[in-house]
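Here is a brisk report on one protein chain. It covers the fold, the charges and the backbone.

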Amino acid sequence: MNFWADIQAIFNNREIALLLWIAVIVLAVLLSKLRKSLFPIIQILTKRLFLIIFSLIGAYLFGIIILFKNLEVWQNSNLKDVLFWLFTVGLILVFKINDAKSNSYFISIFLSAIKWTIVLEFVVNLYSFSLFTEIIILPVLVFLALTQAVAEMDEKHKVVSKFLQNIIAIAGLSIFSYSLYKTVINFDAVLTFQNLVSFLLPSTITILFIPFVYFLALYSTYESYFIHLDFMTIKKDKVKETKKLILRIANINLNKLLRIKKNFEKRVFYDDTDLKSYINSISKQSKI
């Protein structure tokens with residue numbers, strides 16, 4: 001009984017319902033024929049490169065937690081917030097590093113982290129229904145959302161899509177209204193320092209995580225482009241010199257590196273072009 005009380009002290013009913021459904025889905029997959037398709041995915045995710053990335057993510061988040069502890073704003077109950085953030089935001093940012101086509105991508109991450117929608121998420125997630133109700137509501141809403149997404153793909157199902165959109169909107173408004181009502185009548189209980197920390201934690205971690213994603217994107221771009229350069233010519237000395245110049249000129253500036261990657265021409269390996277001046281010039285071109 002104490003164990004269940006401890007669980008409820010850390011997770012709200014919505015989070016418990018989500019974890020239960022995740023456990024059910026994972027168990028169903030493991031007991032079905034689909035488990036065979038998991039092995040290639042597991043093999044990929046356990047390769048050396050991914051293990052290094054996961055270790056770096058863990059070390060980086062550990063450093064953020066240490067920072068919060070030193071600032072005396074961390075409590076052990078915040079660990080679940082970090083884990084939810086990791087699997088809903090952190091890993092998505094990492095696996096979408098190929099979308100980083102310029103520095104503006106990271107600015108958009110920052111702006112998303114401080115948008116007013118975090119207030120909405122805070123209010124909606126602060127209060128939840130009974131566990132039984134949450135267990136029923138969650139799959140129903142997911143089913144409606146998936147059905148609406150499929151219906152939206154076909155013009156013939158436009159009426160169905162619109163109807164499902166209205167149903168989802170009504171459900172969302174109902175949940176928000178309930179949460180807002182509970183927030184207002186329990187304002188004194190809601191306005192606590194710990195709730196404020198929980199409120200700001202996901203956005204703060206996202207902002208602090210931007211440098212990690214930036215340097216990961218920078219490393220990934222360097223690695224893939226340098227491999228590409230190796231196949232552009234058999235003149236290995238020129239390739240080696242080019243790589244050194246790119247490292248020196250672009251350095252940690254992703255925009256410069258992407259300009260060089262886009263505008264670099266193979267011909268410079270075979271003519272009398274001054275590589276340093278050429279690379280410096282294309283790194284300053286306005287468009288990426």
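Buried means under 20% relative accessible area, exposed means over 50%, and partly exposed lies in between (1.4 Å probe, protein chains only). By that scale K96 is partly exposed, with a relative accessible area of 41%.

This is a predicted model: local features need pLDDT of at least 70, side-chain atom pairs count only at pLDDT 80 or more, and totals for chains, interfaces and linings use all residues. Residues are numbered from 1 along each chain as its sequence is written, and side-chain values use heavy atoms, with hydrogens and water left out.

**Overall fold**

The protein chain has 14 helices and zero strands. Here helices (H or I, at least four residues) and strands (E, at least two) are DSSP runs, numbered from the N terminus. Read from the N terminus, the order is α-α-α-α-α-α-α-α-α-α-α-α-α-α.

The radius of gyration of the protein chain is 25 Å, whereas a compact globule of 288 residues would have one near 19 Å. That radius is taken over C-alpha atoms, and the globule rule is 2.2 Å times the number of residues to the power 0.38. Along the principal axes, the C-alpha atoms fill a box of roughly 75 × 55 × 40 Å.

Of the contacts with a separation of 6 or more, 74% join residues 24 or more positions apart. A contact means heavy atoms within 4.5 Å. Buried residues account for 32% of the 288 residues. The accessible surface is about 18800 Å², and carbon and sulfur atoms hold 69% of it. These areas come from the Shrake-Rupley method with a 1.4 Å probe; for residues, only the protein chains shown count as cover.

**Charges and salt bridges**

The protein chain carries 31 positive and 19 negative side chains. Lys and Arg count as positive, Asp and Glu as negative; His and the chain ends are not counted. The centres of the two sets lie 6 Å apart. Each charge is placed at NZ of Lys, CZ of Arg, CG of Asp or CD of Glu.

Side chains of opposite charge can pair when their charged atoms come close. How many salt bridges does the structure hold? There are five salt bridges. A salt bridge is a side-chain nitrogen of Lys or Arg within 4 Å of a carboxyl oxygen of Asp or Glu. The table includes three of them.

| Acidic residue | Basic residue | Closest N and O atoms |
| D81 | K80 | 3.3 Å |
| D99 | K96 | 4.0 Å |
| E265 | R267 | 3.1 Å |

D99, the partner of K96, is partly exposed at 39%. E265 is partly exposed at 37%, and R267 is partly exposed at 41%. A network of salt bridges links E265, R267 and D271.

**Backbone**

Most residues other than glycine have a negative phi, and most peptide bonds are trans. E72 is exposed at 69% relative accessibility.

N251 also has a positive phi, of about 55°, and is not a glycine. N251 sits in the loop between α12 (236-250) and α13 (254-263). N251 is partly exposed, with a relative accessible area of 44%.
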